[in-house]
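Dear colleague,

I am passing on the structure we spoke about. Please look it over; my notes on the sheet and the nonpolar cores follow below.

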Amino acid sequence: MLGLGKFDHHFSTSANAGPLPQANAVGRFGSIGWGDAVKLMLKVEPDDGRIAQARFQAFGCSSAIAASAALTDMITGKTIDEASGISAAAIADYLGDLPRERMYCAVMTFEALQQAIGSFRGKAAVAEADAPPACKCLGVGQMMIERTIRFNRLTSLDDVTAYTKAAGCCSTCFKQIESLLARVNAEMVEDGLIPAEDAYRIGSATPRATELKPHGAPAPAANIFAAKATPAHLRPIAKAAPRPATPPAGLVDAPPQEALIAEAVEELRPHLQRDGGDCEFVSLDGNIVYVRLSGNCVGCQLSSVTLSGVQAKLVEKFGRPLRVVPVS
């Protein structure tokens, strides 16, 4: 459970959540596939370029909502030029208590802010000329990773994953991300941004990334979803037994949403338990699904990926936006 203080304030009491019909600058970043998304809407005074109002709509974890709310507080009253100088690190510092493994939420709001400022200035959205994405599992582009490494002076693969989610899933993009980090770090050394001894070097990967990378020849008919270290939510789920025929309408009441969500979470639990973890449905409040992680899922660096996987399964099953939030 995340701490109280600024984080809790921005998550639970922000007055800037919701649409802003009179917005004249809009930025978006993220997607359901990425696991989080934010739409940032600004009302900018045309005379002096001052941001009179800022609102947001966010899809994702509590950190995504808190970071989006914090950003709207930070930029309200500032000019567009002043807002453009706000970094992802500044958003995280302002928010406080943002866990390292959720730093991608500060990066997400930073990217949305840059998109909004670009739209106000009449510039087309930044074209990510690095398709296909560097991390295909989560659709993370190379240019976004490069920006994040440089702006936040990252020097480890763990940090790259924490800030962008790249290589945090099946890790088949490990080599590409590793080469990218080494190249950008070398450029940063030349620019005097980091000391040479801090720069990442090929082959000095963390044990976590190495363990996640598939090893050896694949077993017959195996694929990445069969790898033992693959996150449980990405493994194939046994086909369920055929459901009995649906009785005619009006004869029985439809099961409550809570029961259906609990059933869906129960289907995922055996896969999490194979990794020594577990997930339990707690309650439903509107579109927010509260779950409790236990076992190896507690404190796991990939717990956010696990939660994103659970959320994606629920969204796919019920066909409507649902946000999965962990509780203690």
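The model holds an open sheet of three strands in the order β1-β2-β3, and the pairing is antiparallel. Please keep in mind that this is a predicted model. At the edges are β1 (25–31) and β3 (51–59), each of which pairs on one side only. From one strand to the next the twist averages 10°.

Helix α2 (residues 62–75) packs on this sheet and touches β2 and β3. The direction of α2 makes about 175° with that of β3.

As for the pairing in detail, β1 and β2 (residues 36–44) run antiparallel and are joined by seven bridges. Within this pair, Arg28 stands opposite Lys39 in β2.

In soluble globular proteins, nonpolar side chains tend to be buried together. The largest nonpolar core here has 65 residues, and the members that touch the most others are Leu42, Ile75, Ile145 and Ile177. Helix α5 (residues 103–120) supplies the largest share of this core, with eleven residues.

Which residues does Ile75 contact, leaving aside neighbours within four places in sequence? Ile75 is in contact with Leu40, Leu42, Ile51, Ala54, Ala83, Ile86 and Leu113.

Another core, of 21 residues, lies apart from the largest one; Phe59, Ile261, Ala264 and Val310 are among its members.

Regards

How values were computed. Residues numbered from 1 in each chain as written. Predicted model: local features only at pLDDT ≥ 70, side-chain atom pairs only at ≥ 80, totals over all residues. Heavy atoms only, no water. Pairing = 2+ DSSP bridges. Helix = DSSP H or I, 4+ residues; strand = E, 2+ residues; numbered from the N terminus. Axes fitted to C-alpha atoms, helices over the stretch in contact; angles between N-to-C directions. Contact = heavy atoms within 4.5 Å. Core = buried A, V, L, I, M, F, W, Y, C linked by side-chain atoms within 4.5 Å. Buried < 20%, exposed > 50% of the residue type's maximum accessible area, 1.4 Å probe, protein only.
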